[in-house]
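Work through the exercises below with the sequence and the structure open. Try each task before reading its solution.

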Amino acid sequence: MLKCERTSVMNIENAIRGARNPMNSWDRMDSQYNEEGEYILGPNDLGLARRLRKAGSDHRKFIRQIFVSVDVTAPIYWWKEYDTYKVSTVANSTSTMHKMHSKPFDMDDFSHDHMTEGTLSFMGSVVDELEKIRLRYIETKNKEDWYDMIQLLPSSYNQMRTCTLNYETLINIYFARRSHKLKEWHTFCSWIESLPYAKELILAEEE
């Protein structure tokens, strides 16, 4: 299970203006904001953006200045793979250490959408045991109970992080992970495809 929520894409206008700096071609800018406050690339600017994107990383520096913020909820086993991407990324996460015990454990706190029936039943017993330990910890504040929760917690536990990336990083992620065996990566790549001008600037698809 993976969810991408509260997406914001920022700085397209400044990035495109910067893309025109090398040739001083600002007079050819033809983009503008629509009534919803979205920055819409005109034919000149979109054409330039396409050409630079396809010319390689040395020429498409402007897309590193297109920033994305998104809240991603995903299991810990997915986050361990996501953490491979350390360049041009920032993430603030909900705290497992400090807040894990603040609410009752429930099956929906864990990704279990691909579990077989037998494993799902066993998972239910794990969640029940975690809840017993949590209640005991709340009552006693015994550090042994806290360690029991931390060390028993499955990697399917869902965590939400507010992530900041740029379009260059998303290119790297998309082409490295779009065929990954984890379905969560397919969901994440579908989210990438939904971003403004993803077709032109990330996927580099032809018209």
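**Exercise 1: the second largest pocket**

The second largest pocket holds about 270 Å³ of space. The model is a predicted one, in which local features need pLDDT of at least 70 and side-chain atom pairs count only at pLDDT 80 or more, while totals for chains, interfaces and linings use all residues. Residues are numbered from 1 along each chain as its sequence is written, and side-chain values use heavy atoms, with hydrogens and water left out.

Task: find which residues lie closest to the centre of the second largest pocket, and which element gives the largest share of its lining.

Solution.
1. A pocket is an open set of points on a 1 Å grid over the protein atoms alone, where a 1.4 Å probe fits, with protein on both sides within 12 Å along at least five of seven lines; lining residues have an atom within 4 Å of a point.
2. The second largest pocket is lined by 14 residues, and G18, A19, P22, L52 and H59 are the closest to its centre.
3. Two or more lining residues come from each of α1 (12–19) and α2 (43–54).
4. The largest share, three residues, is that of α1.

**Exercise 2: helix α5**

Task: compare the reach of α5 with the expected span, then list its buried residues.

Solution.
1. Helix α5 covers residues 117–140, which is 24 residues.
2. From first C-alpha to last it reaches 35 Å, close to the 34 Å expected at 1.5 Å a residue.
3. Its buried residues (under 20% relative accessible area, 1.4 Å probe, protein chains only) are M123, G124, V126, V127, L130, E131, I133, R134 and Y137.
4. Their cover includes α6 (143–152).

Key. Helices (H or I, at least four residues) and strands (E, at least two) are DSSP runs, numbered from the N terminus. The expected span of a helix is 1.5 Å times one less than its number of residues. Buried means under 20% relative accessible area, exposed over 50%, partly exposed in between (1.4 Å probe, protein chains only). Contact means heavy atoms within 4.5 Å. Grid points are joined across faces, edges and corners, and a volume is the space filled by probe spheres set on the points.
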